Amino acid sequence: MTDFIALRCRAILVVGLLLGCNNQPATYPVHGQVQFPSGAAVRMGTVEARSRELGINSRGSIEPDGSFYLTTYSNSDGAVQGIHDCVIVQMVVTEDIAQAGSAFGVVDPKHGNYKTSGLTIEVQPDSENKVILKVDALGGKELKAKDHKH
């Protein structure tokens, strides 16, 4: 009888390992745009969002039109439900700004820190979850459609 119980326990364990265990919280699609106060699109960088309740991060690349789609576990799956604090991350070489004499299109660094960004989104299960994140430009120099076309 003991062998039968041991065999049964092993079988349950193997089935459990094969099926896996998905303890990940559900995600909901989130998309939007990052804009300067004038409505001009931020054209580069990454949006990162951190769930206040669960501490789970999601992120999405900012496209040239300012749009982004958040990803948590798999491509564009969105973010977990609830309030999220957001930051905008841009990799900008300061020597390039100094040489070019221009900071057009660069987001104010305050938006790169969760403590100072002031950016939040709320993700809801039964919502389109389309958001607009308004950010300040470094030195007030927004990149407008006519500026620096390449």
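Q: Which residue stands opposite lysine 134 of β9?
A: In this predicted model, lysine 134 in β9 has glutamine 35 opposite it.

Q: And what stands opposite lysine 130 in β9?
A: That position belongs to histidine 31.

Q: In which sense do β2 and β9 pair, and over how many bridges?
A: Strand β2, residues 31-35, pairs with β9 in the parallel sense, and five bridges join them.

Q: Is β2 mostly covered or uncovered?
A: Strand β2 is mostly covered, as four of its five residues are buried.

Q: What about β9: which residues lie on its covered face and which on the uncovered one?
A: Val131 and Leu133 form the covered face of β9, whereas Lys130, Ile132 and Lys134 form the uncovered face. In general, side chains of a regular strand alternate between the two faces of the sheet.

Q: Which other strand does β2 pair with in the antiparallel sense?
A: Strand β5, residues 67-69, pairs with β2 in the antiparallel sense over three bridges. Within that pairing, glycine 32 has phenylalanine 68 of β5 as its bridge partner.

Q: What is the strand order in that three-stranded sheet?
A: The sheet is open, its order is β5-β2-β9, and its pairing is mixed. Its edge strands are β5 and β9, each of which pairs on one side only. Neighbouring strands of this sheet are turned by 25° against each other on average, direction ignored.

Q: Changing topic: what is the order of the open sheet of four strands?
A: The order there is β4-β3-β7-β8, with antiparallel pairing. The edges are β4, residues 57-61, and β8, and each of these pairs on one side only. From one strand to the next, the twist averages 30°.

Q: How many bridges join β3 to β4?
A: Five bridges join these two strands, which run antiparallel. One of the facing pairs is glutamate 48 with arginine 59 of β4. The two strands form a hairpin with five residues between them, and glycine 55 in the turn has a positive phi of about 70°.

Q: And over how many bridges do β3 and β7 pair?
A: They pair over six bridges, in the antiparallel sense. Threonine 46 stands opposite valine 89 of β7, and serine 51 has histidine 84 in β7 as its bridge partner.

Q: Where does the charged end of arginine 50 sit?
A: The charged end of arginine 50 sits over the ring of tyrosine 114, 3.9 Å from the centre of that ring.

Q: How many aromatic pairs does the structure hold?
A: The structure holds zero aromatic pairs.

Q: Back to valine 47: what is it in contact with, leaving aside neighbours within four places in sequence?
A: The contacts of valine 47 are Val34, Ser58, Arg59, Gly60, Ile62, Phe68, Leu70, Val87, Ile88 and Leu133.

Q: Which residues have the most contacts inside the largest nonpolar core?
A: They are Val34, Val47, Leu70, Ile88, Ile121, Leu133 and Val135, in a core of 21 residues. Strands β3 (46-51), β7 (82-89), β8 (119-123) and β9 (130-134) each supply at least two residues of this core.

Q: Which strand gives the most to this core?
A: Strand β8 does, with three residues.

Q: What percentage of the residues is buried?
A: Buried residues make up 33% of the 150 residues in the protein.

Q: Of the contacts with a separation of 6 or more, what share comes from residues 24 or more positions apart?
A: Such residues account for 68% of those contacts.

Notes
Residues numbered from 1 in each chain as written. Predicted model: local features only at pLDDT ≥ 70, side-chain atom pairs only at ≥ 80, totals over all residues. Heavy atoms only, no water. Core = buried A, V, L, I, M, F, W, Y, C linked by side-chain atoms within 4.5 Å. Buried < 20%, exposed > 50% of the residue type's maximum accessible area, 1.4 Å probe, protein only. Contact = heavy atoms within 4.5 Å. Phe/Tyr/Trp six-rings, centres within 6.5 Å; stacked < 30°, edge-to-face > 60°. Lys NZ or Arg CZ within 6 Å of the ring centre and 35° of its normal. Pairing = 2+ DSSP bridges. Axes fitted to C-alpha atoms, helices over the stretch in contact; angles between N-to-C directions.
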